[in-house]
Amino acid sequence: MRKHNAFMDETTYGYIDIESCFDLVFDPPLETLKEWILKENEPEPTLENTSFYVTEPDGTRYFYCGNTRIRVSEHFSQSGKPMGKLIETVIQYAANEAG
């Protein structure tokens, strides 16, 4: 490998000074710096702080998470079977189908 004494002498050494390929970097505008600082102080988005339910006047219930809206069409009734009973029923059904 050759010694590269003159970095700007591209024709002799056949290589480019990589630093000459970039524009000068300046500090961002003050407004941009302020915006970045505000974003650093925001809490990390989680399911708890980005999702919520809405019931429309016609009774339709929607779940919102970010820009996503899902229509909630079914739910467990308060007077329905407990979760343990539902799981037991599912297991019995799956065992009957497999055997």
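**The aromatic hairpin**

Guide: F52, Y62 and Y64 form one aromatic cluster. The model is predicted: local features need pLDDT of at least 70, side-chain atom pairs count only at pLDDT 80 or more, and totals for chains, interfaces and linings use all residues. Residues are numbered from 1 along each chain as its sequence is written, and side-chain values use heavy atoms, with hydrogens and water left out.

β1 (51-55) and β2 (61-65) are strands, meaning DSSP runs of E with at least two residues, numbered from the N terminus. β1 and β2 pair in the antiparallel sense, over 5 bridges. Pairing requires that DSSP finds at least two bridges between the strands. The hairpin has 5 residues between its strands, and there G59 takes a positive phi near 95°.

Now the rings. The structure holds 3 aromatic pairs. Rings of Phe, Tyr and Trp (its six-membered ring) pair if their centres lie within 6.5 Å; planes under 30 degrees apart count as stacked, over 60 as edge-to-face and the rest as tilted. One of the pairs is F52 with Y64, which is stacked, at 5.2 Å centre to centre and 15° between the planes. This pair links distant parts of the chain: F52 is in strand β1, Y64 is in strand β2, and they are 12 residues apart. F52 counts as partly exposed because its relative accessibility is 44%. The cut-offs are under 20% relative accessible area for buried, over 50% for exposed, and partly exposed in between (1.4 Å probe, protein chains only).

Y53 and F63 make a tilted pair, because their planes lie at 55°, with ring centres 5.1 Å apart. This pair also links distant parts of the chain, with Y53 in strand β1 and F63 in strand β2, 10 residues apart. In the strand pairing, Y53 stands opposite F63.

Back to the cluster member Y62. The charged end of R69 sits over the Y62 ring, 4.0 Å from its centre. That label needs NZ of Lys or CZ of Arg within 6 Å of the ring centre and within 35 degrees of the ring normal.

Last, the loop. T60 lies between β1 and β2. T60 counts as buried because its relative accessibility is 14%. Neighbours within four places in sequence aside, T60 is in contact (heavy atoms within 4.5 Å) with V54, T55 and R71.

Terms used:
Helix = DSSP H or I, 4+ residues; strand = E, 2+ residues; numbered from the N terminus.
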